Amino acid sequence: MTNTPGFTNDELQALCQQHTTPFYVYDADTVRDNIAELQQAFPDWQLRFSAKANINRAIIKTVHDEGLGFVCGSPKEIERLRRGGVPLEDILYVAVQPSDDQIQEVISFINADKLTISIESLDTLHKLVKHGYNGSGIVRINSNYFTDEETFTPRNAKFGLSPQDAIKAFQKMNAEGIEQAGLYCHTGKMKNERRQRLFYESLEGLSDFIAATNTTINQVNVGGGLSVKFTDELEPDLDAMREHVEHIFDDHDITLTLEPGRYIVANAGVTCTEVTGTKDTPVTKVVSVDLASHHLALNHVWDEPHEITNISRDAPATEQSVSGPSCTAHSGYHCLNQSFTASQTGDFLVVEKTGAYAHYLGNNFHSQPRPKILIKENDNTYVSRREATLDEIMQCEKHKRSG
């Protein structure tokens with residue numbers, strides 16, 4: 001039985017019979033349920049969805065209809081959100097090392113002054129000033145400056161300013177007429193107790209910084225960081241987290257912002273694939289499937305192995321390694337020696353919790369198109385995005401003819 005709340009085995013079997021595998025399928029009702037859980041747990045906080053987790057148009061509409069704002073990381077991502085009906089005032093642009101061209105592209109948007117841009121470096125601020133930006137900016141401080149241990153990035157990494165440079169940024173913004181929209185401090189996913197402790201330590205340091213500065217801070221964005229359990233990750237206690245963070249900022253009159261991504265969509269999606277063959281070897285049983293590993297890159301990018309379920313048969317579990325048509329070594333596997341129902345050619349497998357990052361991080365390695373996307377909403381399922389054709393994959397190439 002799958003562990004995905006929006007689907008039954010029989011339902012997924014029917015979809016596998018109806019649609020050519022592989023495919024991603026997302027349940028919009030589960031997305032709504034996850035948002036409702038967050039809204040109940042953080043009633044006085046501002047919630048933004050991290051669009052990089054899943055930018056499918058149907059998902060974006062669902063999230064926006066539930067009242068959330070968005071966080072995105074590039075001008076093109078902003079434009080995709082706008083085409084999906086999201087106004088600029090609902091978007092925070094995390095401008096990580098933007099070029100002059102990217103800054104100009106963002107500022108050229110109609111009503112660009114309604115956008116909020118995170119200030120990750122003084123260089124980014126100088127670019128904004130140079131190109132005449134007159135919207136609002138939220139100053140990001142690197143969380144490592146507030147702990148004695150590394151959080152998710154070294155002090156000299158690309159994310160955020162030192163506290164001293166944050167003060168310089170405030171002064172520059174005030175002088176140039178850029179509205180100050182608060183502070184931003186992100187520690188990454190709280191996947192274990194150590195990472196959770198560093199999250200709180202960083203925010204305690206941020207609270208002390210606010211108390212020591214003469215700048216009025218009305219908003220603090222604590223990032224995303226809510227863990228999703230793939231194997232041994234820590235299950236988040238939302239109520240305990242809210243109480244702890246609110247206690248840290250008790251002495252400040254501020255609005256708190258949370259920007260979850262995968263927490264909202266990960267368990268709302270699965271990926272279905274068919275077994276194309278099996279092979280016994282001295283070290284493992286290889287189960288071949290029609291799903292390429294580069295279409296589920298999260299496993300290899302962030303070492304988050306997805307649980308795999310066989311929905312075609314009820315048989316004893318055995319250790320198996322699942323691999324798709326990718327000519328790579330270790331990274332070519334969906335899992336190594338994972339224990340689940342013994343599989344045979346023609347069985348359908350479900351890869352759990354692939355609603356976040358799967359399609360967006362996927363690529364066309366071997367000229368294989370990313371799988372189609374199905375959306376389930378109100379007990380109806382439809383194709384939201386089809387597979388690209390080879391002509392579409394190649395359409396940006398130019399062939400120079402001889403003679």
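Predicted model: local features only at pLDDT ≥ 70, side-chain atom pairs only at ≥ 80, totals over all residues.
Local features were taken at pLDDT of at least 70 and side-chain atom pairs at pLDDT 80 or more, while totals for chains, interfaces and linings use all residues. Residues are numbered from 1 along each chain as its sequence is written, and side-chain values use heavy atoms, without hydrogens and water.

Two packed helices are described by the angle between their axes and the distance between the axes. Helix H6 (residues 122-130) packs against helix H7 (residues 163-176) at an angle of about 5°, with the axes 10 Å apart. H6 is therefore roughly parallel to H7 (angles under 35 degrees count as roughly parallel). On the H6 side, the contact (heavy atoms within 4.5 Å) is made by Leu122, Leu125, His126 and Val129. H7 contributes Asp165, Lys168, Ala169, Lys172, Met173 and Glu176. By class, these residues divide into five nonpolar, one polar and four charged.

Turning to the rings, a search of the whole structure gives four aromatic pairs, where rings of Phe, Tyr and Trp (its six-membered ring) pair if their centres lie within 6.5 Å. One of them joins Phe49 and Phe70, at 6.2 Å centre to centre and 85° between the planes, which is edge-to-face (planes over 60 degrees apart). Phe49 lies in strand S2 (residues 46-50) and Phe70 in strand S3 (residues 69-72), so this pair ties together parts 21 residues apart in sequence. Both Phe49 and Phe70 are buried (under 20% relative accessible area, with a 1.4 Å probe and protein chains only).

Phe146 sits in the loop between strand S6 (136-140) and H7, and Phe209 in helix H8 (residues 193-212), 63 residues apart. Phe146 is buried at a relative accessible area of 16%, and Phe209 is buried at 10%.

Charges over rings come next (NZ of Lys or CZ of Arg within 6 Å of the ring centre and within 35 degrees of the ring normal). The charged end of Arg82 sits over the ring of Phe109, 4.7 Å from its centre. Likewise, the charged end of Arg140 sits over the ring of Tyr184, at 4.6 Å from the centre.

Finally, Ala181 belongs to strand S7 (residues 179-184) and is buried, at 18% relative accessibility. Beyond neighbours within four places in sequence, Ala181 is in contact with Thr116, Ser136, Gly137, Ile138 and Gln219. Of these, Thr116 is 65 residues from Ala181 in sequence, yet 7.6 Å away in space, C-alpha to C-alpha.

Technical notes: Axes fitted to C-alpha atoms, helices over the stretch in contact; angles between N-to-C directions. Helix = DSSP H or I, 4+ residues; strand = E, 2+ residues; numbered from the N terminus. Parallel < 35°, antiparallel > 145°, perpendicular 65-115°, else oblique. Nonpolar A, V, L, I, M, F, W, Y, C, P; charged D, E, K, R; others polar. Phe/Tyr/Trp six-rings, centres within 6.5 Å; stacked < 30°, edge-to-face > 60°. Buried < 20%, exposed > 50% of the residue type's maximum accessible area, 1.4 Å probe, protein only.
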